[in-house]
Amino acid sequence: MAQKNIVIVGAGFAGVYATKRLAKHFKHDKDVTITLIDRHSYFTYMTELHEVAANRVPQDAIQYDLQRLFCRRKNVKLVTDTVTTIDREKKEVKTKHGAYPYDYVMLGIGSEPNDFGTPGVKEHGFTLGSWEHAIALKKHVEDVVRRGAEEHDPAKRKALLSIVVVGSGFTGTETIGELRDWRDSLAKEYKLDPEEITFALMEMAPTIMNMLDRSDADKAERYMLKRGIRVMKNTGVVGVHEDHVDLKDGSTYPTATLIWTAGVKATDQAANFGLTQARAGRIVVNSHMQSQDDPAIYVVGDVSFFAGNSDRGEPQIVQGAEASAKTALLNIENQVAGKAADVDYKASYSGFMVSLGSRYGVANIMGWLHLSGFFAMLMKHLVNMLYFLQTYSGYYFFQYLMHEFFRTHDDRNLMRGHISRQGNVLWAVPARIFLGLMWLVDCAGKISGKESWFIDKLRLPFDWLQPATTSGASAAGADATSAASGAGADAVATTAKAVKSVFSLSYQYGKEPMMVFEKMPNWMYSITKAMIPNQDVAFFMQKTMTVIEILIGLALVAGLFTWLSGATSVMFTAIFCLSGMFYWVNIWMIPMAIAVMNGSGRAFGLDKWVLPYLQKTFGKWWYGKPKALYGSDVAK
């Protein structure tokens, strides 16, 4: 077979999807070369731009290096360059720095925000159509909040701290939800009352989120209103200025941050190829995804316009991009094999999912399954992870999990921060719970049954308790060996019974474990006898210790005051060791108790809420409330 060159322009969802599958299909065919050209060396996960803009994930979290994506595809040539035109006579794709011959071209150059010529959007507004846009918006929001915190003039301060999003589609609603999630940490950083930072979603239509069923959209709207987001329907923006916007009804709205998400169009680059364009600059294709001007040029994704199902074209979403790419690549495979390009485009939309921050979303799956809240967000994450599996990218599948679940700040993930690794506490949770359960198991026999310490006052022979040395024994040691029935000896023996029974389950089949100390040291014996002079004190101490052990166990299991519970566990275990009746097989309690002191109660534990509340309450009581401005009416 003669050499065949397939050139794919644009490393977006459609381009990466098609390149992966073509590379796999032709992996054993040395006569087929696939060239992927993009102006960037990375693929941007466009549907998560709002997470970067609102500081939920690191800036590079949605950038996936093309070399990592295609490192094992030897038949894929990666080119970082800007395509300028397609020479259809010479059959070459021309770039700023070279030219690449083709037999088949697949154009997937995507879309960009469409401001419909609204005055001031380009000069004073922000869009969210690229990674660069997301970074610029993030920096701007941080800047206006900082400036607003320092501004004394009430009108200027209000404009600086007001954020407006125009358009209630996927991008608009997800952006405002994510920014609202960021609000509290921004306010804390710049010493503001969080209520001063306000949000408004403006939509020209009488309803919002019109890509969803009304029931799902209404749930989303109620959630936004509950979180203090102002939803302004039937509101058209006709002008954007540095500190306010002009509305269609003649009024103005103060804001220094206008984010325009009210529409998309084909990239301006689409006009460079001499191909027929339709509404919003999209290139017209037939049912096989071929340009109507040249059957060797396939157009996929947001830039393509197929009117077979609607005069508005197919929705410019990821599912549409991948469906069009699949149609095109199957036709290319047929043509390379000498067959006809007869695969028709079939719309396949399995559902729609919209997030409103990191913890809440709405979803419509397969047209009949409606989800909201936790389960909608879980489904959104599963779909994103499925994408990486479909593109055979295990590395970025792992990175996605880390960025979305384990490396988040301020509880901004699906599990509300419980599994975040920022505090390095998640992996200590099993140890914390196990240690707590062991305390409770040990205490179970002490508070119930016929030998309960709360019912019977058992007295044991005292011959097992001896000083650490036999020669030169102290007076206390001599007393212990000669007066086993004395009150002091009985008291110490009774206390020692508590120690001896700790974790009695530690005995191993076939042999008895070794004790840490064979006998109680003299100095420990003296202290114990001084503290427990008689049987009544002994039994009181016995019951008190049992209650404390139960409290330690419950606190560790619940994750409440884990530092204190861990420290107490270490102290008790050390006392038990010095008693002369604690075993080496249980010495693990000390390092485990130290390990759980790292704050493990903040993951799946009550410390996550209790400790911040106490810190905030006592800090405010002692120090007062920090402010960005003092002595100003604005700051009150």
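H17 passes H18 in a left-handed crossing. Keep in mind that this is a predicted model. H17 covers residues 562–578, and H18 covers residues 589–596. Their axes lie 8 Å apart, and the packing angle is about 165 degrees. Angles over 145 degrees count as roughly antiparallel. H17 and H18 are therefore roughly antiparallel to each other.

Who touches whom? On the H17 side we have Thr562, Gly566, Ser569, Val570 and Thr573. They meet Met589, Ile590, Ala593, Ile594 and Val596 in H18. By class, that contact has six nonpolar residues, four polar and no charged ones.

The axes of H16 and H17 come within 10 Å and cross at roughly 140 degrees. That makes H16 oblique to H17. The crossing here is left-handed. From H16, the contact uses Met545, Ile548, Glu549, Ile552, Ala555 and Leu556. From H17, it uses Ser565, Gly566, Thr568, Ser569, Phe572 and Phe576. The class count for H16 with H17 is seven nonpolar, four polar and one charged.

Look at Gly566 and Ser569 for a moment. Both are in the H17 contact with H16. Both are also in the H17 contact with H18.

The crossing of H12 and H16 is left-handed.

The residue list runs as follows. H12 brings Arg432, Ile433, Leu435, Gly436, Leu437, Trp439, Leu440, Asp442, Cys443, Lys446 and Ile447. H16 answers with Thr546, Glu549, Ile550, Ile552, Gly553, Leu554, Leu556, Val557 and Ala558. Sorted by class, the contact of H12 with H16 has 13 nonpolar, three polar and four charged residues. Glu549, Ile552 and Leu556 of H16 are in this contact. Those residues also sit in the contact of H16 with H17.

Now the empty spaces. Rolling a probe the size of a water molecule over the atoms shows where empty space is left.

Take the second largest pocket. Its volume is about 1700 Å³. Its lining has 36 residues. Nearest the centre of that pocket are Asp184, Lys188, Asp410, Asp411 and Pro612. Which elements give two or more residues to this lining? They are helix H7, residues 170–189, and helix H19, residues 607–623. H19 gives the most, with nine residues. By class, the lining of this pocket has nine nonpolar, 10 polar and 17 charged residues.

Then the cavities. How many cavities of 30 Å³ or more are there? The count comes to four. The largest cavity holds about 90 Å³ of space. Its lining has 15 residues. Gly301, Ser304, Glu314, Gly320 and Ser324 lie nearest the centre of the largest cavity. Strand E23, residues 304–305, and helix H9, residues 318–336, each give two or more residues to the lining. H9 supplies the largest share, three residues. By class, this lining has seven nonpolar, five polar and three charged residues.

On the space side, the second largest pocket has a volume of about 1700 Å³, and the largest cavity has about 90 Å³. That's it from me.

Key:
Residues numbered from 1 in each chain as written. Predicted model: local features only at pLDDT ≥ 70, side-chain atom pairs only at ≥ 80, totals over all residues. Heavy atoms only, no water. Axes fitted to C-alpha atoms, helices over the stretch in contact; angles between N-to-C directions. Helix = DSSP H or I, 4+ residues; strand = E, 2+ residues; numbered from the N terminus. Parallel < 35°, antiparallel > 145°, perpendicular 65-115°, else oblique. Left-handed = near helix turned anticlockwise from the far one by under 90°. Contact = heavy atoms within 4.5 Å. Nonpolar A, V, L, I, M, F, W, Y, C, P; charged D, E, K, R; others polar. 1 Å grid on protein atoms, 1.4 Å probe; cavity = no way out; pocket = protein on both sides within 12 Å on 5 of 7 lines; lining within 4 Å. Points joined across faces, edges and corners; volume = space filled by probe spheres on them.
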